[in-house]
Amino acid sequence: MDLHADSPNFGMKKRKQDEQDALVSDHGNSMSVGESSGSGDPCKSLTSTSLSSKNSNGSDSDISCHDDDEDMIDDDDDDQFDNLPPGIEASVPWLKDIASSECKPAVAHVPSESSSKEKIDEPTDTVMQKFRQFKSFDTVDSFPDHHYDHHYDKEGASVSEAQLQRPKNWAKKIQDEWKILEENLPETIFVRVCESKMELLRAVIIGPQGTPYHDGLFFFDCLFPSSYPTGPPKVHYHSGGLRLNPNLYQCGKVCLSLLGTWHGKNSENWIPDKSTMLQVLVSIQALILNEKPFFNEPGYANAYLGEEGQRRSKDYNDNTFILSLKTMMYALRKPPKHFEDFVAGHFRQRGVDILKACKSYAEGGPVGSVLHNAAAPNNRSISASGKNQKEFQSTVSRMMNTLVAFFSKNGCSNCEEYRSLEIYNLSAAATANLEVFKIESSGTTTLTQV
């Protein structure tokens, strides 16, 4: 699997593919990933792969966009992502501020500093300057973020109590981890650590090419607990209430043997003085955000063989891609603290590529088949047909218009050609087919169930 999606060179040490593979397989040939199945686990297991009704990503909703109470996202006391009830997707009333560019094909809401390609390409473009200067690894003073608090910021004992519980080599081991990350991070993982609270770490992983996660940004909060390095670190995924992988729960749980959240062989578990945070992050990217996440579900590789397994896997990928597009919009609207420059630059650079992929998928191409400057995987031969496929293509086509508005507002040029004409007759389309965006008579864009 190619873990190195296109990204600018930030001056960090580029690691060879065999070095990265060694990190993933250092505890054995295959790190164990899966779901815990205890009845008391608040994170529910995956039970269906249908794109409608109970969908394959654990949500009770269709793959199309849905209406939720606006106060879910507007309540300043709530984390936009993680305080949502399981299965409920984040509402997007903030689409109102891009309504004009959503509804009118001749008008795009583009910031003045990037209203043309020539302007964006100028060296004075501060957004891209900051993006290119964004370090793979850096330290920050703290993680103060009213909408995106670090998940572990308030966890555990007081500072004095924690210091008494920590091993003598605790701080030194974390500093060693920092050095490993700084020198060896792949170009598709970015990390920020906290100087005032060494136990905190935040990472963003770019979804690998050739997968339904391509070009997406996936944020993880990490904690070096008092038991570290004897015990593994803790990792929380900012899900936004979306279940887009069997190993990434809506409640934020990350299921991986290296973290002790899934059973694995001895060599696949956390090994004190040998396992590292770098291995954790690379394993999440390589083993969880993979080409066919449907088969991450324990037992599915043996239960669903041949064409049946490939069909279910394809349906899962289709639904996952829709959810990945939604996480892109969430990240653009509320980028996490210290990652604002990276999020803006990433989607300005890749906006057109994402829209090209959407266009291909809306026309029947398999999800993950559109790669940037690389050959497409040759193991995607399952035919595209049936109701699920038509619903997926229709939903992608509609979401493209919203993405065009978001990317244009973010300063990405040449997006208008990817608008879908379907969006201009939404009321009839929604009545006849899916729950989709509906243009109200007032001219604002809201999410409604028709």
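Okay, quick definition before anything else: helices (H or I, at least four residues) and strands (E, at least two) here are DSSP runs, numbered from the N terminus. What we have is a predicted model, where local features need pLDDT of at least 70 and side-chain atom pairs count only at pLDDT 80 or more, while totals for chains, interfaces and linings use all residues. Residues are numbered from 1 along each chain as its sequence is written, and side-chain values use heavy atoms, with hydrogens and water left out.

Let's start with S313. You'll find S313 in helix 10, residues 306-333. Is S313 buried or exposed? Buried, with a relative accessible area of 2%; the cut-offs are under 20% for buried, over 50% for exposed and partly exposed in between, with a 1.4 Å probe and protein chains only. If we skip the neighbours within four places in sequence, S313 is in contact with K292, F294 and F295, and contact means heavy atoms within 4.5 Å.

Staying with helix 10, let's look at how it sits against helix 12. Their axes come within 11 Å and cross at roughly 15°. Axes, by the way, are lines fitted to C-alpha atoms, for helices over the stretch in contact, with angles from 0 to 180 degrees between N-to-C directions. So helix 10 and helix 12 are roughly parallel to each other; angles under 35 degrees count as that, over 145 as roughly antiparallel, 65 to 115 as roughly perpendicular, and the rest as oblique. The crossing of helix 10 and helix 12 is left-handed, meaning that the near helix is turned anticlockwise from the far one by less than a right angle; clockwise would be right-handed. On the helix 10 side the contact includes D318, F321, I322 and L325, and on the helix 12 side F392, V396, M399 and L403 are among the residues. By class, this contact divides into 11 nonpolar, four polar and four charged residues.

The tally for helix 11 with helix 12 is 12 nonpolar, four polar and one charged.

V193 is in strand 2, residues 189-194, and V193 is buried with a relative accessible area of 0%. Among its contacts beyond four places in sequence are F137, V140, W178 and L200. V193 and D141 are 52 residues apart in sequence, yet 8.5 Å apart in space, C-alpha to C-alpha.

What joins strand 2 to strand 3? A hairpin, through five residues. The two run antiparallel with five bridges, and strands count as paired if DSSP finds at least two bridges between them. F190 stands opposite V204 in strand 3.

On its other pairing, strand 3 (residues 200-206) goes antiparallel with strand 4 (residues 217-223) over seven bridges, with I206 opposite L217.

In a regular strand the side chains alternate between the two faces of the sheet. For strand 3, both faces are covered: L200, R202, V204 and I206 are buried on one side, and L201, A203 and I205 on the other.

Definitions and conventions
Nonpolar A, V, L, I, M, F, W, Y, C, P; charged D, E, K, R; others polar.
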